[in-house]
Amino acid sequence: MKIVCLAVGSGHTASVTSVAWSQLTTSFVVSGAEDKCVKVWDIPASAVAAKKNESAAAPAALHCRRTEIAHDKDINSVAVSPNDRLLATASQDKTARLYATEGLALTGVMRGHRRGVWSVTFSPVDQIAATCSADCTVRLWSITDASCVKTFEGHDSSVLRVAFLCRGMQLLTCSADGLLKLWSVKTNECVQTYSEHEAKVWALAVRADQRLFVSGGADSSLLVWRDVSEEEARVDAEATALRVSQEQALSNLVQQRQWLRALKLAIKLKRPFRCLQILKELRRDGGNETSQLSDILTQLRDDQVEDLLQFVVEWNTNSKHCHEAQLVLNLLLRLRPPEAWLKMSNCRTLIEGLLPYTERHFERMNRMLQSISFIDYTASCLKITSRQAPGPAALTEYPDEDLFTDAKPVLRPAFAAQQTANAEDDTKVEEDAEEKDAEKNESDPGDDAHLEDALPADEDGDRRRMPRSVASRYRDLRQRPRVILDVHEEEQLAERGAAPAEEQALWDPLDAWSAERGRSGVFDVEELVEVLREEGMEDLCVLRLPEDHAYVGHMVLATARSHQHMLATAQFVKKLYKRKRLSSDPVPRIEGRTSKEWIAMDMVNIALHLFDRRAREHYDVDGLWAVGPRYDEKSQQEEEDNLLNLNPLAEFTPNTPLLERDLNGK
């Protein structure tokens, strides 16, 4: 191959930085230089049609058709559109410009880059131009109005060249850090990055069919690249078809219950969940699952066993699948000798992955066994009895008749007062209901038919008849709460000589406190604090208020665990107050009954405030009354409407001791 010079064009006054051929013909060429000018040169027909015997002739002179000062700074790149009607220039003045080929008339200026533009090119199919700049971005422009359509960001250094691939669907860029990036025009995302170059990549050329392109860089190397998209797509399609056929074969093997072949195929396809399903199907298949699974595991190769153990480690992390994992692990430990385990390359990793979760499952099973044992023991010690009806009861052969007894309800302190107040009314209602039931049983024996049908039959096949007294007590058992006593509790009651449960009266929690009125009021502070402590209130605080501004003598603050706890405690304190008060003492009201944060009660000599924990910290009532308003920011703020001064501490100095004592021990 021999190359000769056919023509020479002279006219630029500085270095020529870029040239571009016509896309449709060989009649002209465009050049740009550092002299800020763009020139269109006509190629003489004689130079193009030169023969071999004329190779020694002197080069012809190129005729400059048109010259235009295109930019304010050096021109870095020029390009000709596919239809030869437009040419584009890129310059260091941060702009790219569009000119008409005939006459070099300016048709548009593409502004938007923050630094110099290194390269410009046209899309082969769309009315789009692409530019790349030293601001590390690539932009797409509409050649109709010179507006920016898309921006690509991802390079960390100057982007030096840009080119279109795949009929304008992809962009190829190279940068000063030696990287080549492939972009998707549709998604604005970088598809792939290539880092074979070790220095700046200055040159990029794409073949006409876009199957090959060449890159050249400052590392003195040229790299030729080939498009393998179609080959990879074909390989992916073949792999997908193979995977679908294998999945179908696996489903057929499971349907045919060929567990060994199905398990091997699932291991080969790296399907841990599919292997788990096969093991579960094997367990549900019936028969001796341990022997079947042992036969399958003995026929696996060493590499298949290692893959299966990897799946076991994954299954073991979930409590739902740990049973299958532990079963496989147990059988493998029994079937394989220690030497085979030591030969595994990842034996240590497998053990480290299995140990923590196995210990956790073992502890969980131990807790479950302990709970089951406790339930069995409790059930064996239970004995249920019921109240005997008035008068002598008829003897019966019903084996569980002695298990029915009266129940003494277990009352919580805060709620006991309310139940005790209505105990007499409830007793009367229950006695009336029992009398009506007894009359109904005497008149209509059919109501207890379903109870008699549930009785066991004797040796002769006749069903034992249940007395009406037992049937009435059975209905009473369903309607009333019961206390279940075990054998040890009944023995302790018998040793102490205590009355049976049906003879014991309901315990009233108000009886635990004195019914006498206090000295300073219905409640003395000490007694009220003890009541609150017994009710489980926390963070108790007692404040003695100054005499000249006090509307009460003391203020008691307490924190409840919940809204129910707070309301029940307030109701209990009010009931105890009503029992202790005289006729001249007013009955306090529960202020804020519907509030879930703060309940207050005015008991003449004591102001009781019950909070939940969040409201106690938010309002900080004890801190405010302890230090006074001088140190409170909200109290120091000016108020527009201050007609009434209701602050009891307005003239109180912080040196006066307010906190009498902390009765909660804090």
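This is a guided tour of the structure, one selection at a time.

Before you start, note that the model is predicted, that local features are described only where pLDDT is at least 70, and that side-chain atom pairs count only at pLDDT 80 or more, while totals for chains, interfaces and linings use all residues. Residues are numbered from 1 along each chain as its sequence is written, and side-chain values use heavy atoms, with hydrogens and water left out.

**Confidence**

Begin by colouring the protein by pLDDT, which is the predictor's confidence in each residue, from 0 to 100. The mean for the protein is 78, and 73% of its residues reach 70 or more. Now select residues 386-424, where pLDDT stays under 50 and the model has 79 contacts beyond four places in sequence, a contact being heavy atoms within 4.5 Å.

Next select residues 95-100, which make up strand 9; strands (E, at least two residues) and helices (H or I, at least four residues) are DSSP runs, numbered from the N terminus. Is this strand mostly covered or uncovered? Strand 9 is mostly covered, with 6 of its 6 residues buried, where buried means under 20% relative accessible area, exposed means over 50% and partly exposed lies in between (1.4 Å probe, protein chains only). Thr95, Arg97 and Tyr99 point one way from the strand, whereas Ala96, Leu98 and Ala100 point the other way.

**Aromatic rings**

The structure holds 8 aromatic pairs, counted when the ring centres of Phe, Tyr and Trp (its six-membered ring) lie within 6.5 Å, with planes under 30 degrees apart called stacked, over 60 edge-to-face and the rest tilted. Select Tyr194 and Trp225, a tilted pair at 5.2 Å centre to centre with 55° between the planes. Tyr194 lies in strand 18 (residues 189-194) and Trp225 in strand 21 (residues 222-226), so the pair ties together parts that are 31 residues apart in sequence. Phe213 forms one aromatic cluster with Tyr194 and Trp225.

Move on to Phe311 and Trp315, another tilted pair, at 6.5 Å and 40°. Both lie in helix 6 (residues 302-316), 4 residues apart, about one turn of the helix. Phe311 counts as buried because its relative accessibility is 7%, and Trp315 is buried as well, at 3%.

**Nonpolar cores**

Keep Trp315 selected, since it is among the residues with the most contacts inside the largest nonpolar core, which has 38 residues; such a core is a set of buried Ala, Val, Leu, Ile, Met, Phe, Trp, Tyr and Cys residues joined through side-chain atoms within 4.5 Å. The elements that give two or more residues to this core include helix 2 (229-255), helix 6 and helix 9 (347-381). Finally, select Leu309, whose contacts beyond its neighbours within four places in sequence are Leu329, Leu332, Trp341, Met344 and Leu350. A second, separate core of 27 residues includes Leu532 and Ala560.
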